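Here are my notes on this one, jotted down as I went through it. Have a look at the model first, then see whether you'd read it the way I do.

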Amino acid sequence: MKFSLVRQRDAMQCGIACLTMICRHFGSNVDISQVEQYCCAAKRGVSMLSLVRAAKILGLDSKPMRRTLDELAQGPFPCILHWNQNHFVVLYKVDRKGSRFWIADPGKGLMKYSMEDMRKHWTSVSYNGKECGVVMFLDSTRDFNENLKGKTKEQKQIFHFLKRYIKQYHHHFGVIILCLVISCGLQLLLPFLTQSIVDVGIVRKNIGYVWLILLGQLMIVTGRTITDFVRRKILLHISLRINISLVSDFFTKLLKLPMSFFDIKLLGDLLQRIGDHNRVQQFLTTQVLNIMFTMVSFVVFGGILLVYNQLIFMVFIFGSVMCGLWIATFLKRRRIIDFELFEKQGMNQDITYEFITTIQEVKLQNCEQRRCDEWEENQNDLFAIQMKSLNLQQTQESGSVLINEVKNIFITVLAATAVINGQMTLGAMLAVQYIIGQLNSPVQQLMNFLYFMQDVKISLERINEIHCSRDEQKVAGKLIGFANADKSISISNMNFKYNRHALEYTLKNICLDIPEGKVTAIVGASGSGKTTLMKLLLGYYEVLGGEITIAGYNINDYNLKWWRKQCGVVMQDGVIFSESIARNIAVADGEIDVGRMEEAARMSNIYDFIMSLPLRFYTKIGRDGISLSQGQRQRILVARAIYKNPAFIFLDEATNSLDANNERAIVEELHNFYRGRTVVIVAHRLSTVRNADQIIVLEHGEISECGTHSELIAIRGSYFELVKNQLELAVE
């Protein structure tokens with residue numbers, strides 16, 4: 001029985017895909033998106049612990065352990081292997097000698113490996129003096145079918161969502177199809193005219209007739225040229241419009257996805273998916289129409305060939321079928337290589353982007369050679385896969401050419417024999433040769449279409465993974481507006497961790513009230529969870545326990561886009577866009593309020609610097625504020641939050657890059673701006689929070705102290721130690 005392979009949609013989903021394969025092996029037709037609910041990928045993908053816990057929820061008994069290759073070959077199968085120390089695959093079969101291993105790789109497909117390959121990819125640890133690898137054996141329990149009851153495989157129509165892109169251009173496609181029919185009809189006359197030149201004009205030595213036929217052929221060629229020109233011009237228009245619509249809808253969908261989605265997606269994966277749209281666009285606007293024209297031509301010219309000579313027609317069909325079977329044998333291997341290319345090209349995108357954006361730091365740290373070697377190593381891996389693809393293509397093309405040439409030779413011999421035996425005229429033979437030439441092209445195009453169909457299906461699967469993801473608003477509620485007059489924020493018994501299967505919580509048992517119109521400061525050592533807490537307040541993630549309420553309602557009840565509109569935010573990794581300073585301050589949609597923008601610049605102590613520039617507020621700054629200092633970038637981010645004139649303000653290390661003078665000036669201005677607003681400040685510099693209405697001290701993800709500056713100093717606890725370490729307090 002063939003093992004059911006499940007493809008991963010990106011680099012982070014290999015473990016989820018493997019667990020889905022195991023579920024299907026034990027009789028459930030569950031879909032990868034359903035398993036993902038119990039085993040969601042984190043920033044670093046999926047861990048073995050995540051797989052163990054998800055398997056338990058699904059009703060599978062799992063046993064992770066270390067095994068040697070000989071022990072692994074004893075089974076049981078299927079089992080999940082930790083592959084190359086950064087990937088998961090399923091081992092589903094081993095031969096009797098224990099020398100051949102059948103692997104279901106969610107990134108590449110069904111593969112077969114030798115003992116040496118297994119040592120290279122799987123064995124990664126030494127245990128009791130033996131080379132071992134990590135494996136997880138699984139078996140179903142009595143709860144398996146019950147836990148997966150009703151969770152049947154999701155049947156998706158891969159090409160369904162493309163209908164609306166084609167439908168809106170149905171009139172244009174109608175004109176294109178009409179042009180194809182006219183062009184095909186004109187082309188249909190050519191073999192008969194060719195035969196007529198030989199059998200009538202040449203045999204009867206009637207040069208006038210020959211010129212007349214040639215004039216007719218010239219008119220036909222002119223007509224075909226005009227119709228093809230019209231068809232290609234319309235097609236170009238449709239192609240560009242559809243491509244813009246496809247990519248635009250993709251970006252629109254990305255903007256609707258939850259914040260947490262982008263924690264587990266590599267930049268290269270997303271860029272590769274954008275590149276996949278080119279395949280889809282070519283498929284919709286070129287391949288589909290070409291194959292329609294091809295099929296019409298094939299039917300018409302095939303019918304004519306059948307009328308001319310049945311034996312030649314049968315030989316042509318037999319040769320074409322053989323060519324098709326030859327090409328079909330390469331489809332599976334091409335699919336595997338395409339997935340390998342996608343994975344490696346995505347990685348290459350990431351490495352190249354990092355290489356280019358960190359050149360200054362690389363030169364500063366004198367690690368040029370190592371970084372170049374790493375980049376070249378990745379390029380060599382990519383080159384090796386591309387060579388595999390090229391070799392496969394050359395083998396396929398060589399075999400196709402050989403089969404076609406042998407077929408054409410047989411047809412030429414049969415046609416010549418028919419002429420010699422008087423069964424066919426010389427003109428008819430030339431017409432047959434012309435028809436064969438016209439038929440060879442459709443056959444080759446049909447084979448290419450099969451390849452393209454396979455490629456575009458893979459691309460659509462990757463694009464659909466984005467389009468089928470849940471929107472942020474489908475996760476959150478629709479409440480717009482505060483129902484209560486008291487707009488305080490309350491956190492009760494909240495627990496959170498980025499990886500739900502991690503052993504430790506990032507935040508645990510958080511109980512906190514953030515009063516309306518007051519300033520709340522959150523302090524603590526690095527890694528204590530300060531930024532995570534702020535992101536939860538902004539709806540980046542859903543809490544795993546407890547709740548966050550705003551004005552008496554759970555944060556998940558609110559429309560998150562509306563909630564963030566009420567918030568002025570400065571994150572420690574805030575982004576400066578590659579546009580004017582004015583648009584970096586007034587980033588929201590709509591016209592710029594110049595007076596409010598200038599006031600925001602003054603309050604953030606950046607106004608004088610802006611006015612010293614030649615274009616002032618309309619000076620364009622580079623990507624990530626590349627022409628600005630860190631302090632200037634940070635002041636623009638503060639001005640952005642002030643310009644928004646929000647009811648809630650969230651500042652995460654908003655002044656950590658400023659000198660003492662700038663910091664003091666901004667803090668004084670902000671102190672007045674805070675009045676009547678609910679403010680949450682995360683800071684390492686305790687001088688910026690000492691006047692807060694309440695100070696929260698986080699330690700290892702828990703609240704250890706809460707009070708005002710003077711109250712916390714008096715008890716000489718964690719806050720006292722933080723202040724003392726910054727030499728801001730004289731210790732008696």
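1. I'd begin with residues 206-226. Their end C-alpha atoms sit 31 Å apart, and the span is 95% helix and 0% strand. Keep in mind throughout that this is a predicted model.

2. On to the overall layout. The protein chain splits into domain 1 (13-140), domain 2 (157-468) and domain 3 (489-729). Between domain 2 and domain 3, the contact involves five residues from domain 2 and four residues from domain 3. As for the C-alpha centres of domain 2 and domain 3, they are 54 Å apart.

3. How much area is buried between domain 2 and domain 3? The figure is about 400 Å², and carbon and sulfur atoms supply 59% of that. On the domain 2 side, Met259, Ser260 and Asp263 lose the most area to domain 3, and together they make up 81% of what that side buries.

4. What kinds of residue does domain 2 bring to the side that touches domain 3? They divide into two nonpolar, two polar and one charged. For specific pairings across domain 2 and domain 3, the salt bridge count is zero.

5. Salt bridges do turn up in the structure, and the total is five. Side chains of opposite charge can pair when their charged atoms come close.

6. Now the backbone. Most residues other than glycine have a negative phi, and most peptide bonds are trans. Where are the cis bonds to look at? The peptide bond from glycine 75 to proline 76 is cis, with omega near 5°, and the bond from phenylalanine 77 to proline 78 is cis with omega near -5°. Proline 76 is in the loop between α4 (69-72) and β2 (79-83), and proline 78 is also placed in the loop between α4 and β2.

7. Last item: arginine 616 has a positive phi, near 55°, despite not being glycine. You'll find arginine 616 in the loop between α21 (607-611) and α22 (630-643).

Note on methods. Residues are numbered from 1 along each chain as its sequence is written. This is a predicted model: local features need pLDDT of at least 70, side-chain atom pairs count only at pLDDT 80 or more; totals for chains, interfaces and linings use all residues. Side-chain values use heavy atoms; hydrogens and water are left out. Domain bounds come from an automatic or database domain assignment. Contact means heavy atoms within 4.5 Å. Buried area is the accessible area (1.4 Å probe) that two parts lose on being put together, summed over both. A salt bridge is a side-chain nitrogen of Lys or Arg within 4 Å of a carboxyl oxygen of Asp or Glu. Ala, Val, Leu, Ile, Met, Phe, Trp, Tyr, Cys and Pro count as nonpolar, Asp, Glu, Lys and Arg as charged, and the others, Gly among them, as polar. Helices (H or I, at least four residues) and strands (E, at least two) are DSSP runs, numbered from the N terminus.
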